[in-house]
Amino acid sequence: MQSKKKVLVVDDDEMHLYTTKELLQNDFIEVITHKNWLGVTNRVRDLQPDLVLLDINMPALSGDKLAAIIKPYCETMKTPIVFHSSNDEDSLRDLAKTHGVQGYICKGNVGDLRSKVNRYLKLQA
Amino acid sequence: MQTVNAQGNVLPVGELIISNEQATPQTVVNKVAERFFSTTDVDAIAVVEDNEPVGLITRTKLLFTLFRRFGFELYGKYPIIAIAETTPLIVPENERLDIVIDKALERQPQDIYDEIIVTTPGGAYKGLLSVKQLVIQQSNSLASNILQKEMASARARELEKINQVKSQFLANVTHELRSPVNAIIGLAELLRMSAEKGSIEQIKERLSFMISSATNLRAIITNILDLSKLEAGKMEVSFLEINATALISEIAETTRILAGKKPVTVKVEAPPLPIMISTDPVKLRQIIMNLASNAAKFTEQGEVTLSLSIIGSRLEIAVADTGIGIKEQDIDKLFIAFGQVEDAKTKQHEGTGLGLTISKNLAELINGSITIRSAYGKGTTFVVSLPLQNNNAGQGEL
């Protein structure tokens, strides 16, 4: 069996980290959670994830700003960055466009979360 | 035709008439001269026949004519119409100020400052206008127009700002409500998965997460409703005589539970005798509980101290912690709804950032105030100051 795809989830809310992890992880996906903007860059470099899910509303450094910081690393590894937030879909779409990240997923839409993650990881749904 | 000019100035000149001096065309020049000599107030006299203006004589021109060689002898006994300007500028009373000024200034240089005759729309003599007065009036109204414009644009900017704050507030409310709802949806899906697997342990764990998310959601909704009630002035107050020392001790108990396993000591410092105060106990509890739970939340180790002291006719309740403290530049933002941190999109810790706004409003509602002392990295002290006595206090016990 091929090795699992790695998804790094960054969120300040433990409940969201828990649900996202439990909802996504399966035989093909390994979910690594990170509850702070601190150390995300190192985490991305060490882990070499196949996908990064970023929350927007986080203390001190919001996800969109964090995206700008980790983008150069992710681009070299061809790792998509996707916003995952409870914000308005419109504002998420705008943010994703402005920051040149690969996409966005609205929290609370479980089906969308699974299908989009599978698509970014190039896995069969 | 009345159109608004660039300055928006539509003042009719009829309102600016300075005098209605007049003489018949047959009045002799000497008589008119006497009127000019007897007062300095009259600068011009209209020549009026059958109620209609037929000429104008100004002080300057009359004197110029009379004091030239043999002027008095030559003209003194002439009727005034002989030396009066017989084609003076005549405007109807409803003419606009700026148009009249334009007409006045289009005259020959020596006539520019001649008074202007105003008539009714029917042509009857009404009075005289002074060009100098018109120009002063025009520049005053220009200045006030500029001022009005500035005030209007300041108001517009203010409204724009209020709008931005409102939509930011709405965006924050939406996010705060959606976040726990989304957690609940995720947990429901996870529960379904656990049920399919038949894992009772997992179901139990996820149910307790779900309850905590739902409780969090309820707290947020309560806060938002409280805030809107406060802002609409619909929060009711009822004053009772209560034992403040007992209330604070009780809040300290709850704060100990909130601090949990963290190495944080919760202390109460109060005078030996119980302090009685007439206040709204529900509101006071909400204010102090909010401050104390914030203190417990933001203190990783050290102390949270609740203290009571009487200062004159007021009771001061201080909630001091040895937590992270607040940067000076952030203190002003504390009492703003959702103003937890610099960026509205970011949250410092759990919570909506509504608690302090609500506490401040509640304190004002019960005739009190909240002040803050903080040193970043060293801790924060909130002081709630309340009058010991309030009118209409009922009797009650805590």
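## Lysine residues with positive phi

A:Lys122 is placed in the segment that follows α5 (110-120) of chain A; helices (H or I, at least four residues) and strands (E, at least two) are DSSP runs, numbered from the N terminus. The model is predicted: local features need pLDDT of at least 70, side-chain atom pairs count only at pLDDT 80 or more, and totals for chains, interfaces and linings use all residues. Residues are numbered from 1 along each chain as its sequence is written, while chains are lettered from A and ligands numbered from 1 in the order in which they are written.

The phi of A:Lys122 is near 55 degrees, a positive value in a residue other than glycine. Most residues other than glycine have a negative phi. A:Lys122 counts as exposed because it has 8 C-beta neighbours inside 10 Å. With C-beta atoms placed from the backbone, a residue is buried if 20 or more other C-beta atoms lie within 10 Å of its own, exposed if 12 or fewer, and partly exposed in between.

A:Lys78, found in the loop between α3 (63-77) and β4 (81-85) of chain A, also has a positive phi, near 60 degrees. A:Lys78 has 7 C-beta neighbours inside 10 Å and therefore counts as exposed.

## The sheet of chain A

Chain A holds an open sheet of five strands in the order β2-β1-β3-β4-β5, with parallel pairing; two strands pair if DSSP finds at least two bridges between them. At the edges stand β2 (29-34) and β5 (103-106) of chain A, each with a single partner strand, so one side of each has no neighbour in the sheet. Neighbouring strands are turned against each other by 25 degrees on average, direction ignored.

The parallel strands β4(A) and β5(A) are joined by four bridges. A:Ser85 has A:Cys106, in β5(A), as its bridge partner.

## Helices on the sheet

α3(A) packs on the sheet and touches β3 (51-54) and β4 of chain A, its direction making about 160 degrees with that of β4(A). Axes are lines fitted to C-alpha atoms, for helices over the stretch in contact, and angles run from 0 to 180 degrees between N-to-C directions. Helix α4 (residues 89-98) of chain A lies across β4 and β5 of chain A, at about 160 degrees to β5(A).

## Interface between chains A and B

Contact joins 20 residues of chain A with 21 residues of chain B, two residues being in contact if their C-beta atoms, placed from the backbone, lie within 7 Å. On the chain A side, helix α1 (residues 14-24) gives the most, with six residues.
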